[in-house]
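Colleague: I am new to this structure, and I would like to go through it with you step by step.

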Amino acid sequence: MLGVIRRRVASGGSSSSSSSILKRSLQTIRPVSSSTSRVSEEILINPRGFEHVRQFSCLAPLRGRAISSRTMREGVSNMELTASKLILSRPFSSDSGDLIDAVVPFMGESITDGTLAKFLKNPGDRVAVDEPIAQIETDKVTIDVASPEAGVIKEHIAKEGDTVEPGTKIAVISKSGEGVAHAAPSENTSKKAAPKQSAPEMKDEEKIKPKVEASPVPVKPKTPAPPPPKHSATEPQLPPKEKERRVPMTRLRKRVATRLKDSQNTFAMLTTFNEVDMTNLMKLRSEYKDAFVEKHGVKLGLMSGFIKAAVSGLQNQPIINAVIDGDDIIYRDYIDISIAVGTPKGLVVPVIRNAEKMNFAEIEKEINTLAKKANDGTISIDEMAGGSFTISNGGVYGSLLSTPIINPPQSAILGMHSIVSRPMVVGGNVVPRPMMYIALTYDHRLIDGREAVFFLRRIKDVVEDPRRLLLDV
C-alpha cells in the first residue's frame with residue numbers, strides 16, 4: 001500500500017487535491033466497516049475520485065481479504081450505472097423541506113420543448129395533489145403541469161410565453177402555506193395603511209403649500225400639431241394601427257401551417273369527385289337508432305358508415321393505403337383511420353386503430369372518446385401518431401365542396417361535405433334526394449387515376465347500399 005502511495009505522489013500527487021482524495025480514499029477502505037457500502041458512498045459523494053479508486057483500492061485489504069481488479073471494476077461499473085439510473089429516474093419535483101418545485105413533465109419522445117401557455121393557479125392559491133397549475137403548449141397537444149404535492153403556490157419561476165423543456169422549474173409550492181400571502185389582499189391592505197401613515201404629513205404639506213403657490217409659473221405657448229400627411233391617389237389606404245392586433249401564432253398553429261405547406265411542396269396532389277345518395281344510409285340510421293342506443297349506449301352516426309366504406313375501399317385498392325419512402329413503396333397490412341377534428345386551439349387528427357376489425361358500435365364509441373379528448377385538450381401524442389388514411393368531414397360546418405390537403409406521410413384523404421336535397425332522376429322520374437359530394441385527394445406519384453376513381457366508386461356503392469358490407473360484394 002505504501003508503494004502505491006509513493007508512486008501516486010511521484011506521478012504528480014503533490015497537489016493538495018490529489019492528497020485529499022488519497023486520504024479520503026484510504027479512510028474509506030479501512031477495514032472498520034462494510035467494504036461495499038463505504039466504497040459506494042465514497043464514489044457517489046466524490047464522483048471525481050473514480051480513477052483514483054480504480055488505481056489503488058483493488059490492492060487494499062478489506063477485512064483480511066484482497067479484492068481482485070476484476071471485482072473492483074465490476075463494482076465501480078455497477079455503481080456508475082446505479083448513479084446514472086438515479087439521475088434519469090429523478091421525479092419531476094424537487095423536494096427541499098417545506099418548499100416543492102413544480103417542474104415540466106416528460107412530454108413525449110418527439111417533443112423536446114414547449115411554450116408555457118398560461119398559469120392556471122396564481123401565487124397564494126391553494127392546490128391539491130395532481131391538480132393542474134399550468135399548461136404547456138407543444139407542436140401537437142397541450143400538456144398540463146400537475147402539482148406534485150398539496151399546498152399553496154408561493155411564486156412563479158417562469159413566465160407565460162417562455163420556452164421550457166422537461167425538468168424546467170416553473171413554480172414553487174409551499175406545503176404548509178406559511179409565509180405565503182394572497183396577492184389581492186396584500187395590495188388592499190397596503191392601500192388602506194398608506195393614508196393612515198401619511199395623515200400628519202398631509203397637514204404639514206397644507207401649511208407649506210401657500211408659500212409654494214406664491215411664485216408664478218411661466219406658461220409656454222403650445223405649438224400647433226403638424227397636419228396629417230396627405231396620401232397620394234395611388235397609395236393604398238391602410239386602416240389605423242390602433243385598430244390592429246398582433247398576436248403570436250400558437251405552436252399548434254405553426255405546426256399545422258408547416259405540415260400543410262410541406263404537403264403541397266412534396267406531393268403531386270390531384271382531387272377527384274363523386275356524389276352519393278344518402279337515402280338508404282339515413283333510412284338505416286333512422287330505423288335502428290333507438291335500438292342501437294339501447295344496446296350499445298352510443299348514438300348511430302353517419303361517420304361510422306363512411307369509415308366502414310373507406311375500410312372496404314382500402315381493402316379493394318391497397319395502393320391507397322400505401323406510402324412512398326425514398327425509392328420504395330410501403331404497403332400497410334393494417335388500416336388506421338385518422339379523423340380530422342377542429343378544436344378551438346386548432347386542427348388535430350386522432351387515429352382509430354385497426355378499423356378493419358371494428359364494428360359500427362366500436363367505431364362510434366372510439367369517435368366519441370377521441371373527439372371529447374380533442375375538444376377538452378386532453379388527447380395524448382400516441383392517440384394522434386400514425387394513421388394510414390384520413391377522413392375530413394367539412395359538412396358539419398356547412399361545406400358544400402372542397403379539395404382537402406393530404407396529411408403527410410399518408411397518400412390520400414377523403415373529404416365529406418354537407419347533405420343537400422337536390423332533384424335527381426330515379427327510375428325515369430325526377431325526385432328529391434339527400435345528396436353529398438365526396439372528394440378524394442391523392443398523391444399522383446403513387447396512385448393513378450384508375451385506382452383513385454375505383455376507390456371513390458366503392459365508397460359510393462357501399463354508402464348507397466350498406467347491404468354490400470354484409471354480403472361482401
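This is a predicted model: local features need pLDDT of at least 70, side-chain atom pairs count only at pLDDT 80 or more; totals for chains, interfaces and linings use all residues.

The questions and answers below go from the whole chain to single residues.

Colleague: How many helices and strands does the protein chain have, and what percentage of its residues is buried?
Modeller: Helices (H or I, at least four residues) and strands (E, at least two) are DSSP runs numbered from the N terminus, and the protein chain has 13 helices and 22 strands. Buried means under 20% relative accessible area, exposed over 50%, and partly exposed in between, with a 1.4 Å probe and protein chains only. Of the 473 residues in the protein chain, the buried share is 35%.

Colleague: Which residues touch the most other members of the largest nonpolar core?
Modeller: A nonpolar core is a set of buried Ala, Val, Leu, Ile, Met, Phe, Trp, Tyr and Cys residues joined through side-chain atoms within 4.5 Å. The largest such core has 68 residues, and those touching the most other members are I307, F389 and I391.

Colleague: And which helix gives this core its largest share?
Modeller: The core draws at least three residues from each of domain 1 (102-174) and domain 2 (267-470), with bounds that come from an automatic or database domain assignment. Its largest share is seven residues, and they come from helix 10 (residues 303-316).

Colleague: Which residue is the bridge partner of I391 in strand 20?
Modeller: Two strands pair if DSSP finds at least two bridges between them, and strand 19 (residues 389-393) pairs in the parallel sense with strand 15 (residues 337-339) over three bridges, with I337 opposite F389. Strand 19 also runs parallel to strand 20 (residues 412-416), joined by four bridges. Contact means heavy atoms within 4.5 Å, and the residues that I391 touches, not counting those up to four places away in sequence, include F306, I307, I337 and L414. The bridge partner of I391 in strand 20 is L414.

Colleague: Why is the aromatic pair of F389 and F455 called edge-to-face?
Modeller: Rings of Phe, Tyr and Trp (its six-membered ring) pair if their centres lie within 6.5 Å, and planes under 30 degrees apart count as stacked, over 60 as edge-to-face and the rest as tilted. A search of the whole structure finds one aromatic pair. It links F389 in strand 19 to F455 in helix 12 (residues 449-464), 66 residues apart. The ring centres of F389 and F455 are 5.4 Å apart, and the pair is edge-to-face because the planes stand at 65°.

Colleague: In which order do the strands of the open four-stranded sheet lie?
Modeller: Strand 5 (residues 114-119) pairs in the antiparallel sense with strand 7 (residues 132-137) over four bridges, and two bridges join strand 5 to strand 10 (residues 163-164), also antiparallel. Strand 7 and strand 8 pair in the antiparallel sense over five bridges. The edge strands, each pairing on one side only, are strand 8 (142-146) and strand 10. The order of the sheet is 8-7-5-10.

Colleague: Is T115 buried or exposed, and at what relative accessible area?
Modeller: T115 is found in strand 5, where its bridge partner in strand 10 is T163. Among the residues that T115 touches, not counting those up to four places away in sequence, are Q135, I136 and R251. T115 counts as buried because its relative accessible area is 18%.

Colleague: Is D130 buried or exposed, and what is its relative accessible area?
Modeller: D130 lies in the loop between strand 6 (126-127) and strand 7, and although D130 is not a glycine, it has a positive phi of about 65°. D130 is exposed, because its relative accessible area is 57%.

Colleague: Where is P409, to which the cis peptide bond from P408 runs?
Modeller: The peptide bond from P408 to P409 is cis, with omega near 5°. The place of P409 is the loop between strand 19 and strand 20.

Note on methods. Residues are numbered from 1 along each chain as its sequence is written. Side-chain values use heavy atoms; hydrogens and water are left out.
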